[in-house]
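Look at the chain shown below. This report walks through its helices, its surface and its charged pairs.

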Amino acid sequence: MLTTNMLTLGSQTVGGFQPLDTIVVLVSFAILMVLLKKFAWGPLIKVMEERENFVATEIETAQEKNRQAQMAVKEADEKLTDARQEAKHIVVNAKQRATKLEESIVQEAKDRAKQLRIDAEDEIEQEKRESFQEMQETVAEIAFQIAMDIIQKEMSQEDQKRLIKERLDTLGDDLL
């Protein structure tokens, strides 16, 4: 039968210590370490480095996007400020134009009223002249009629005064 001593590769025990077994375990451990390094540790380190690079890249990308967002906010604020200033400028210009237009309309209305008054005064003056001329013609016609009546009739002085008074009364009625 096989004993445990035979199965230990012919190693000898020295005080319970088996050097050959230790060497086999050390060599096995070294082979295991080389295999782990090659097939497990290397790829694991590579994956961890890739993950570290990915995280670093993502952090840089996030920081860049944050800077871009801050710049965009700053640009938007500047544009908003510019737009507000332009709106104020437009309002001021519109008010100035409205004021000028109002002044122009008022001045035009004043000029028109003045011209209408001048035209009315001219028309009144023309009417007065025409009325005066008509009155002169009427007075001349009445005087002529009176003269004709006096010539045609030999009247007394009393009759002449009465006739002149009647003509003047008739003239007053014609003028009214």
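## Helices, patches and pairs

Glu130 has its place in helix H2, which covers residues 19-152. This is a predicted model: local features need pLDDT of at least 70, side-chain atom pairs count only at pLDDT 80 or more, and totals for chains, interfaces and linings use all residues. Residues are numbered from 1 along each chain as its sequence is written, and side-chain values use heavy atoms, with hydrogens and water left out.

**Overall build**

The protein has three helices and zero strands. Its pattern along the sequence is α-α-α. Helices here are DSSP runs of H or I with at least four residues, strands are runs of E with at least two, and both are numbered from the N terminus.

How much of the protein counts as buried? Of its 176 residues, 5% do. Buried means under 20% relative accessible area, exposed means over 50%, and partly exposed lies in between (1.4 Å probe, protein chains only).

The protein exposes about 15800 Å². Carbon and sulfur atoms supply 60% of that area. Accessible areas come from the Shrake-Rupley method with a 1.4 Å probe, and for residues only the protein chains shown count as cover.

**The annotated span**

The UniProt record, an unreviewed entry, marks residues 20-36 as "transmembrane region". UniProt positions are given in the numbering used here, feature names are shortened, and annotations may be inferred rather than shown by experiment. In the model, residues 20-36 are 100% helix and 0% strand. The end C-alpha atoms of this span lie 24 Å apart.

Which residues form the nonpolar patch on the surface? They are Leu20, Ile23, Val24, Val27, Ile31, Leu35 and Phe39. Together they have about 620 Å² of accessible area. Val24 lies in helix H2. Val24 is partly exposed because its relative accessible area is 40%.

Patches are made of residues with over 30% relative accessible area and no salt bridge; like charges are joined within 9 Å, and nonpolar side chains (Val, Leu, Ile, Met, Phe, Trp, Tyr) within 5 Å.

The negative patch is made of Asp119, Asp122, Glu123, Glu125, Glu127, Glu130, Glu134, Glu137 and Glu141. Asp and Glu count as negative, Lys and Arg as positive; His and the chain ends are not counted. The place of a charge is taken as NZ of Lys, CZ of Arg, CG of Asp or CD of Glu. Return to Glu130: its relative accessibility is 36%, so Glu130 counts as partly exposed.

**Salt bridges**

Side chains of opposite charge can pair when their charged atoms come close. A salt bridge is a side-chain nitrogen of Lys or Arg within 4 Å of a carboxyl oxygen of Asp or Glu. How many salt bridges does this rule give? The count comes to three.

| Salt bridge | Closest N and O atoms |
|---|---|
| Arg67 and Glu64 | 2.8 Å |
| Glu121 and Arg117 | 3.9 Å |
| Glu166 and Arg162 | 3.2 Å |

Take Arg67 and Glu64. Both lie in helix H2, three residues apart, about one turn of the helix. Arg67 is partly exposed, with a relative accessible area of 42%. Glu64 is also partly exposed, at 34%.

Glu121 and Arg117 are four residues apart in helix H2, so about one helical turn separates them. Glu121 has a relative accessible area of 45% and is partly exposed. Arg117 is partly exposed at 49%.

Glu166 and Arg162 lie in helix H3, residues 157-175. They are four residues apart, about one turn of the helix. Glu166 is partly exposed, at 40% relative accessibility. Arg162 is partly exposed too, with a relative accessible area of 44%.

**A residue in helix H3**

Leu163 is found in helix H3. Is Leu163 buried or exposed? Leu163 counts as buried because its relative accessibility is 10%. Leu163 and Asp149 are 14 residues apart in sequence. In space, the two are 8.4 Å apart, C-alpha to C-alpha.
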